[in-house]
Structures are given as C-alpha cells and as structure tokens.
Amino acid sequence: MTSQTTPDAPPVPRTLWNYLDAHRRVAPSRTALVHPDGRMSYAELCANAEALALGLLDIGARPGDTISYQMPNWAETVLIALATLRIGAICNPIVSIYRSREVSFLLKDARSRFVFMPQTYRGFGFADMIAPIALATGAQMIVCRGDHPDALGFDALLARGRELLVQGGAERFNEADPTKDALYLYTSGTEGQPKGVRHSQTTLLSEARSVLRATNIGPDDTLFMGSPLTHITGFAYACIAGPVRGLKVCLLDIWDIHEAARLIAREQCVWTVGATPFLQGLLEDPQMADNIRSLRIFRCGGADVPPSLIRKAQARGIRAMRTYGCSEHPTISGGVEDDPAKAATTDGKVHAQNRVRIVDLDDETKVLGPGAVGEIQSRGDEVFLGYVDSRLDRAAFTPDGWLRTGDLGHLDDENYVTVVGRKKDIIIRKGENISAKEVEDLVAELPQVRQCAVIGVPDGERGEMMVAVCVLEPDTSLSLDQVAAHLTRAGIARQKYPERLEILEAMPANAAGKIRKVDLRAMFSPPADC
C-alpha cells in the first residue's frame, strides 16, 4: 500500500513588500499606478519606494518611528506609505482638511519624527502652517513640490536614496515585523477628540485579502480611487489592497465628477469604493453613462447610503452595495455575491472570516436574536490592535474580546447586518428612543431630497426636538407638511416625525463625506440659556 501526500500550500505573504517583490519579479512592466502626472510600473513603483526608504534611513528614520504625512492623492503619497512600511516604521496619514489645531494634536499624540506635506495645495500653504508645529513637536519636515527654509526637499531625499540604491543600499533592508504597529489612523472626530487607531501589517493584509475575496477582484481589474489616501478607505484600497493583488490603481487628486468619469473611461476602471456623494455624482448626469460603462462594482460606505441610490446604480448595470466598517474594523460586511435586493436595504452579509453579534443595550452579556436591534459587536483578523492612547482600549473591547463598534443594528437569519444608527445617534423624545437613521432613510426617499440628516436638539418640553436637515435637488422645495405626509404614507409611528425642517445648501462633512452632526447640532440648538 502506498501513501500520497499533498504538497504544502505556499506560505501566505507576511508583509506588503513580500507581495510587491513578487509583482516586480513576475510582472515588472505591469502598470501599478496612474496618477495626475503620469504612471508607474510595478518595477518603477518598487524602485522609487525603496529609494525613498533609503533616503529616510539616511536621515535617521528607524523601525518603529512614526512618519506623518498630510498629502493629496499624489504619487508621492503612495511612495511615502510604501517606503514607511518598507523600513518597518509607522504610517500616520493626516487628512488635508485639517488645520493647525488638529495637526498639532495628531503630531504630538502620534509622537511623529518626520512629517511630509506639499508646499502649497489648492491655494493653502501647508508648509507654512506645519513649520511651527513641527518645531514644537520635534518632527523633521519634508516638503513636496516646492521648498521651505525649515524643511528637507522630497526630490532631494528621493535622489539621495537612488544614489544609495545604486551603491547596494538595499542590503540595509530587513523584513518588517508584521505584528508591530504599521498605521496610526485617527478617527474623524465627528463626536469628539480624534482617537489614534493602531493597525499592523497583519491586520491590514487580512483586511485587503478579505475585501478582494468579497469583491471577486483579479489583477486585471483596474481600481479607481477618488477617496483621500489619508482616509482609511483610500489607504486600505490604494496603498494595500491594490499592491496585494498586483492591479492598476488610478488616483484622482481633486474631486471633479467629469474628470472622474473621464479617468474611469480612459483607464477602463472596473471597481471603486467611496462615500455616498461619489456614487450620487457619477449617476446624476445621464451623459456620463458611456464614460462609466466599464465600472461594474461600487462598494459604498462612509456615509449613509439611501436604498434608492443602490437600486439606481444596479439599474445602470453597476453592482453597487452598501458596505459596513470603521477605522477599527475596516470592512465587516458587503460583497458581490450578496443578494442584490438586500444590498440596497442592508449593509451586506458579514464576511466569512468576521463575526458579528448584536447585544442588548443595557446588558451586553445578553446576545440578541435575528431582527432585534442592539449594539453591533465584531471580531476578525483585521480588527485593530488598540488605540495610541491605550487608556481608551478598555472601553473599546468587551471582557471576552469583541469590538464595541458603538453602532446600532440588527442581523437577519442569513447573517446580513443592517446599521440603524449610532448609540450616540439616538434621539430621546419624551422618554422614547428614536433611531435617527430610520427617519433619515425615509426622508431621503423624497425626490426633492439629495441628503438628509436627522438630529436631536435640546428642548424643554420634549427633552429633545427632532430636526430634519436637508440638502435639496436643484430647483425644488420642501415643507415640513410634505415630510409628514410622506412619513404617514410610509406607515411609521407619529412620534418619529421631525418637528422642524431646516434646508442647507451643503452639509458640513469630514473628508470621507460623513455628515458632521456635531456641527449641525451646534448650528440648530437653542442658546444655552433658552
């Protein structure tokens, strides 16, 4: 009798550079990056990133250092991220809308040793803003596309690294420890002070593999990326998932819907991920239909996603889906194999390697059954390591290791999760808890409404008054009576009707397109002495 053995499967790459080394060896001429100023092959991308990494080592960067960058969607931004990971340092992306107060907090909290920024971008002097902050925090400035008397130049640093590479400097590289901190990503701060979320290469690669499986993406499928590379979406997809699969990533640095459509058409982009306004913009102009014909997958998240928007995209031949995640657990649910009907009305089926449970709001040891609303808690290999401020960790995790997302939702018997709001986004009106998101989704169905946010503001009689804040479609109008009539037809309890309607030209939003309700509450709350 003879025995047969199955050869062991090849080991799963431990670091992002394991993947990049394989791509430049097997397909060096494959396009890796299309950016506003040109394109790079995988061979060029790797060579440039390693040159920048050697330049950083030459000025004293070491594994474990925090390297911050407040950068647009430029090729330099991708190179900074890849170079940082190459030497085992920590990426700290900072969204471009932040100014001195936020940047000062982040550089200090992240203990940044180096910080990259453009000299100017969209008319704003980033180098001038950051110079006194860098001096106060002890961070070395490196300026891109320009100069500053207190900074090193990006081009000079890259040139020095190329010299070292020619001289055999690659021997200085050691494989990074994939379990160590690789990313400090700060939450958007929609409800308070930003918190630094810590990820390792292990958690980031697990997230990338999970998303690529759920999206059925191959190396020939081009990614369009208009989301900021300094946000979890842009970083995780363009800087991690793209290189993991070895596909072409197309960057748009300034959001313009027509330029986005032209880029999608020119590069035949197949898939993208972005916030609700991105999808709305791509669909609202019928003349764009030809330009976005290649686009067949849109993962939509980061802001509330009306079911009608998903259905509209599906009718145009785009496999759109709501996807659920957060900086702490980037992608929990949503995939192309999900039921298309449920893709519009839920936030997707929980990914196979993730687990979700719904717990009672008053007793988290009580796990609720299908359909019951409670706090969403999650587990998975891509869950973050903890916060930069470790004192916050205890509140983030349950004693048995589940992430407290702070979101309210429910699961059905097929493991589809539906988010109905935030624990903090509950309006307490005359002692009754009302989910803001439930009302928002219904109001957003009105054809006049482009965006809706429902907030609670202090009220002496009710505890909180419900206010519907709307952005309208051009040349339309809306009254509170029309909102009430629509909600009556929808059949919801009268206690959930907004008692006030406010119309804005645009919503206050963060870089991910998420509405800043804290700003809306400040805008529409009565004075403290009222």
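Which residues do ring pairs link into a cluster? They are Phe224, Trp255 and Phe278. Here, rings of Phe, Tyr and Trp (its six-membered ring) pair if their centres lie within 6.5 Å; planes under 30 degrees apart count as stacked, over 60 as edge-to-face, and the rest as tilted.

Before we go on, a word on what you're looking at. This is a predicted model, where local features need pLDDT of at least 70 and side-chain atom pairs count only at pLDDT 80 or more, while totals for chains, interfaces and linings use all residues. Residues are numbered from 1 along each chain as its sequence is written, and side-chain values use heavy atoms, with hydrogens and water left out.

Back to the rings. The structure holds nine aromatic pairs. One of them is Trp74 with Tyr121, an edge-to-face pair with 5.8 Å from centre to centre and 85 degrees between the planes. Trp74 lies in the loop between strand E3 (66-69) and helix H3 (75-86), and Tyr121 in the loop between strand E5 (112-118) and helix H5 (126-137), so this pair ties together parts that are 47 residues apart in sequence. Those helices (H or I, at least four residues) and strands (E, at least two) are DSSP runs, numbered from the N terminus. Trp74 counts as buried at 5% relative accessibility, and Tyr121 is buried too, at 11%. Buried means under 20% relative accessible area, exposed means over 50%, and partly exposed is in between (1.4 Å probe, protein chains only).

Now find Phe384 and Tyr387. Their ring centres are 4.8 Å apart and their planes stand at 65 degrees, so this pair is edge-to-face. Phe384 is buried, with a relative accessible area of 3%, and Tyr387 is buried at 5%.

The charged end of Arg145 sits over the ring of Trp74, 3.8 Å from its centre. Likewise, the charged end of Arg86 sits over the ring of Trp17, 5.0 Å from the centre. The rule is that NZ of Lys or CZ of Arg is within 6 Å of the ring centre and within 35 degrees of the ring normal.

Finally, look for an open sheet of four strands, in the order E15-E16-E18-E19, with antiparallel pairing. Strands E15 (355-359) and E19 (417-422) stand at the edges with a single partner strand each, so one side of each is left without a neighbour in the sheet. Two strands pair if DSSP finds at least two bridges between them. E16 (residues 374-379) and E18 (residues 403-411) pair over four bridges, and Ser378 has Leu403 in E18 as its bridge partner.
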